[in-house]
Amino acid sequence: MADHRNVKGNTNNAKASGSAANSYTINLENFSKRLKMLYSHWSEFKNDLWAGSEVLAVATPPPSEDLRYLKSSALNIWLIGYEFPDTIMVFMQKEIHFVCSQKKVSLLEVVKKSAKDAVGVEITMHVKAKNDNGTALMDSIFKAVHAESRLNGHDTPVFGYIAREAPEGNLLELWDEKLKSENFHLADVTNGFSDLFAVKDTAEITNVKKAAYLTSSVMKYFVVPKLEKIIDEEKKVSHSSLMDDTEKVILEPAKIKSKAYEVLLKAHDAAIATLKPGNKAGTGIGLEFRESGLSLNGKNDRILKTGMVFNVSLGFQNLQTETKNPKTQKFSVLLADTVIIGQSAPEVVTSTSSKAVKDVAYSFNEDGEEEEPPKVKSTPNVSDTFSSKANLRSVNHEMSKEELRRQHQAALARRKNEETARRLAGGGSEGSNNGPVKPSGELIAYKNVNDLPPPRDFMIQVDQKNEAILLPIYGKMVPFHIATVKTVSSQQDTSRTCYIRIIFNDPRHISEVVQLIKTLRRQVASRESEKAERATLVTQEKLQLAGAKFKPIRLSDLWIRPVFGGRGRKLSGTLEAHANGFRYATSRQDERVDIMFANVKHAFFQPAEKEMITLLHFHLHNHIMVGNKKTKDVQFYVEVMDVVQTIGGGKRSAYDPDEIEEEQRERDRKNKISLDFQNFVNRVNDLWGQPQFKPLDLEFDQPLRELGFHGVPHKSSAFIVPTSSCLVELIETPFVVITLSEIEIVNLERVGLGQKNFDMTIVFKDFKRDVMRIDSIPTSSLDGIKEWLDTTDLKYYESRLNLNWRQILKTITDDPEQFIEDGGWEFLNLEASDSDSENSQESDQGYIPSDVQSDSGSDDEDDDSESLVESEDDEEDDSDEDSEEDEGKTWEELEREASNADREKGNESDSEEDRKRRKMKALGKSRPPERRPGGSLPKKARFR
């Protein structure tokens, strides 16, 4: 049946009779006017554009889902206002013949009188029945053609048809076969229809302007903002062609691309200026997207006329830039506008969308490197633009058979994928007993809200007629089609309350919905977490950018830790020192960090000696946000050498020239990076030396590698290095920055006992702050650490076990006076003598927490109390040999051996009470072990 594309006029509209009368209306005024234009143009250019044709035949193929630009369909819409598929129209000097179905004939009956009045022709309708192939109808038309030709004195009529449209369907294939078998001279009249459609009337001009306005508005207010949002937010779009087109059009417009665009824009404007009546140019718009007979090329000699509409498109292709990225070495530029030929000057109806370079060029530096301005191998100019046909997109516009076949196969693939998706989404596996679920678009219970039944007592209703259930939700009766219900169950509790449980079968992609919900939850949780973190930040002063008098101190190509959030590619940035702080920024607008000088607590410069990076590290007084992370440590670094692997994996000779050259390049790169960093540090130190920054006492500190030692501050081993004011580890994350002036004491634990490693516990002056532990330090570093601690005036102690510092600090803060009276930290001193005199017995016993009772306390109290001693699994492993020797000895045997050892050393004056006190200091409050049968001791108890 006819398509629903309607062209309505203001007057003289006629409705078809019968069942089609309610749907279709033919504008008889437009029909008469355009039929006159057709016969007038045919008569005027008969021997030129119409190839001397005496008869014109237009055969419209059956409907198709594919988007096609056909002259036959264009003539239907232009002349009658609708597309008539599977229809044949034959135009003769005195007659017009239609071959179509009965429904279309009933619609076309109204044009008979208008055709007679307009051009004096009779319209004959040939009704094709469903079971008729149309042979008899075609024979009668051919008979009429021969009769009219003989009246005009011609034996062989010239029969004009659209040769480029291949016949489709049984009717058109039979028509083509009979047409070629008849005694006719066939001529292609495609150019005649192209020229006829090129000049637009007032209604068509209005439609073109509306279409151009809508296109420009959509481009300006929807397409461009959407693409910008996709790029800014680094989203993934499912449509691959959108991503490809976006990258080709707007990514990485180098300077040469902008220059080429400016040249093309000048040529484009010059081409539009030449579009005046009487000139020869254009890519015409008929009722097709592109009229092949009005292409812009040197062979076209068509004369422009007022009212013609052109798609003026100029472009350069295969221009080259000298870039390191092979994907962007070649680029193309294309400009297009819709132009209407006016009496005096052309009218550009798509001028709403700006084509200025500043409005269409976007700069993205994906590699993070400042490349030299690329050079064009062949620079175009305006004068060459019109003569270079190879660069015009409209020259070779005819599609080959291979290209047509590829397009058809692509359409088949899309259709097949849609069918498969609908089948899989609807039916599931073939063996399902539930049957296929209809798509949600087909499950319509009520077409209108007025069709809903009136509510009854606001309760669940079942509508048998419309196959739906209505549920009261938030004061409204909400209908659900019964096909959406998967299961229904009811239950009743002890209070005789009944519950109805309905599980719906969502026909959409469940996994996709669940994933979207989870993603949304993560986004909201991340946003709220970031919002809460930002609420706790200390307000910083505003960064004062360097002016004309003071240029910022810059260091380029740096990476930052912690990294910015987002899933896009990480970019390097530039660190600049301004009037009152630093600013680090990448090419992305939202990746920027400001660090005020007043917020810097410590600044470190660590060159790459045995590491892979050279870095600047800032430890801050107050937290700042880096992306969505709250941090007190911000680091900027550069990798001084690339991690490479030799091809083949074999050893290379020390005299290999390639190896020597590679090592030399690495040394040169390392030296250059160190020199750049050192210059930046020196200039910033000079800036901090100015009077206004003197109170901040800022200066870049450099770690002393010769004093460093290995340890485990967190979860992995790292090389920890002292500086003049701190103890730092700046390679592994999380970073370690400990200010020496904030340290109260340092306790070296698990020292001795033949251990290979020991631990360092750092107690801060702020007792509410957790201690800092560095585990598994090699024993070989013990003397060096002691020397460094003593040189920096830090008091250190040694102990054979790990202590429970949380309990110790709690005891101190609960009763600080008692802590001072008991000797302070001297309870950690293993070398202190406990036997100076009987009068000093209490003072010699060191600090013992008040909850430590004597051995006479009850066993229950001993069990419930918390020990100050920690024992770890690795201690037991490290001392397996010692435990084997000690196994089986009782406390009495151990005490006797200790007394003998004391007598040998001259400490016979130690009393039993003194020995008990020393045992309490070393082990905390531990329960005396019960003797096992056979005289062996139980395993050593662990205290935490």
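Welcome! Across the whole structure, a search finds 25 salt bridges. What you have open is a predicted model, and this tour visits a few of those pairs. Side chains of opposite charge can pair when their charged atoms come close.

**Stop one: E109 and K112.** Select both residues and show their side chains. They form a salt bridge, with the closest N and O atoms 3.2 Å apart. E109 counts as partly exposed because its relative accessibility is 35%. K112 is partly exposed too, at a relative accessible area of 30%.

**Stop two: K786 and E798.** Next, select these two residues. Their side chains meet in a salt bridge, 2.6 Å from N to O. Which elements does the pair link? K786 sits in helix α16, residues 782-791, while E798 belongs to strand β32, residues 796-798. The two residues are twelve residues apart, and the pair links distant parts of the chain. Is K786 buried or exposed? K786 has a relative accessible area of 17%, so it is buried. E798, with 23%, is partly exposed.

**Stop three: a network.** Keep the side chains on and select R750, D759, R773 and D775. Salt bridges that share partners join these four residues into one network. To look at one pair within it, zoom in on D759 and R750, whose side chains meet in a salt bridge at 2.9 Å, N to O. Both D759 and R750 are buried, so hide the surface here for a clear view.

Conventions
Residues numbered from 1 in each chain as written. Predicted model: local features only at pLDDT ≥ 70, side-chain atom pairs only at ≥ 80, totals over all residues. Heavy atoms only, no water. Buried < 20%, exposed > 50% of the residue type's maximum accessible area, 1.4 Å probe, protein only. Helix = DSSP H or I, 4+ residues; strand = E, 2+ residues; numbered from the N terminus.
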